Amino acid sequence: MFSDFAFRIFEASIDKYHEEDRVDQPRPNPYEPGSIEYLLYLKNWIDTVQWHFEDLIRDPGIDPEAALELKRKIDASNQERTDLVEYIDSYFLKKYQSVEVSETATINTESPAWAIDRLSILALKIYHMREEAGRPDAGQEHREACKKKLDILLEQRADLSTAIDQLLADIEAGRKYMKVYKQMKMYNDEELNPVLRERKQ
């Protein structure tokens, strides 16, 4: 199933990141550029780095200038993440372009790639909650609470994986069709963000 295939790639990306556990480390990718494996690995690597950016910016003692620089990195990361989701959707659009769509076909609330985006974030939640559930320096109460949360996350993974695989099966069979809307983010665009537009002029 595609969800299991993607999740294994996400796990490999997360494990590789945590070998050094640095947001500024080089960005590796063991897969052929342009392949779906490459896109999935890169997508999760971006998510993983951003996860740790979000940890860093919540430091109460962070220097304001460092916080501003980090916020801009998070904004850039969000834009890159969105772009990657659209690349992944392009892969599915091409894959299913010759499918004969049923007259009764319906559209899904989200595209396959945005569902896969949620699976990538879920892989990170599972990794870090598993860490907390087994943290040797934490109290028993903390570990037990995190173990319960981990069980819920694993159930959520199973449900989300089933939904993704069902969606792809429905698209392949013509029971559903894809319609992708570009996100059209405005905050990074010099023409659409009034503050950036004014500074440019």
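At what angle do the axes of helix α1 and helix α2 cross, and within what distance do they come? In this predicted model, the axes of α1 (residues 2-20) and α2 (residues 36-57) cross at roughly 50° and come within 9 Å. The crossing of α1 and α2 is right-handed.

## Overall architecture

The chain has six helices and two strands. Read from the N terminus, its elements follow the order α-α-α-β-α-α-β-α. Along the principal axes, the C-alpha atoms occupy a box of roughly 60 × 55 × 30 Å. The chain has 201 residues, of which 37% count as buried. Taking contacts in the chain between residues at least 6 apart in sequence, 72% connect residues at least 24 apart.

| Helix pair | Angle between axes | Axis distance |
|---|---|---|
| α1 and α2 | roughly 50° | within 9 Å |
| α2 and α4 | about 50° | 10 Å |

On the α1 side, the contact with α2 is made by F2, F5, A6, I9, F10, A12, S13, I14, K16, Y17 and H18. On the α2 side, the contributing residues are I36, E37, L40, Y41, N44, W45, T48, V49 and H52. By class, the residues of this contact comprise 13 nonpolar, five polar and two charged.

Helix α4 spans residues 112-133, and its packing angle makes α2 oblique to α4. The crossing of α2 past α4 is right-handed. In this contact, L40, K43, N44, D47, T48, W51 and H52 of α2 meet I116, D117, S120, I121, L124, K125 and H128 of α4. The residues of the α2 contact with α4 divide into five nonpolar, five polar and four charged.

A polar contact of 2.6 Å links the side chains of D47 and S120. With residues up to four places away in sequence left out, D47 touches R81, D117, S120, I121 and L124.

## D21 in the loop between α1 and α2

D21 is located in the loop between α1 and α2. Its phi is near 55°, a positive value in a residue other than glycine. The relative accessible area of D21 is 41%, so the residue is partly exposed.

## L167 in helix α5

Which residues does L167 contact, leaving aside its neighbours within four places in sequence? These are N108, E110, S111, P112 and K176. L167 lies in helix α5, which covers residues 140-173. Because its relative accessibility is 7%, L167 counts as buried. L167 and N108 are 59 residues apart along the chain, and their C-alpha atoms are separated by 7.9 Å.

Key
Residues numbered from 1 in each chain as written. Predicted model: local features only at pLDDT ≥ 70, side-chain atom pairs only at ≥ 80, totals over all residues. Heavy atoms only, no water. Axes fitted to C-alpha atoms, helices over the stretch in contact; angles between N-to-C directions. Helix = DSSP H or I, 4+ residues; strand = E, 2+ residues; numbered from the N terminus. Left-handed = near helix turned anticlockwise from the far one by under 90°. Contact = heavy atoms within 4.5 Å. Nonpolar A, V, L, I, M, F, W, Y, C, P; charged D, E, K, R; others polar. Polar contact = N/O pair within 3.5 Å; in protein donor to acceptor, adjacent residues only side chain to side chain. Parallel < 35°, antiparallel > 145°, perpendicular 65-115°, else oblique. Buried < 20%, exposed > 50% of the residue type's maximum accessible area, 1.4 Å probe, protein only.
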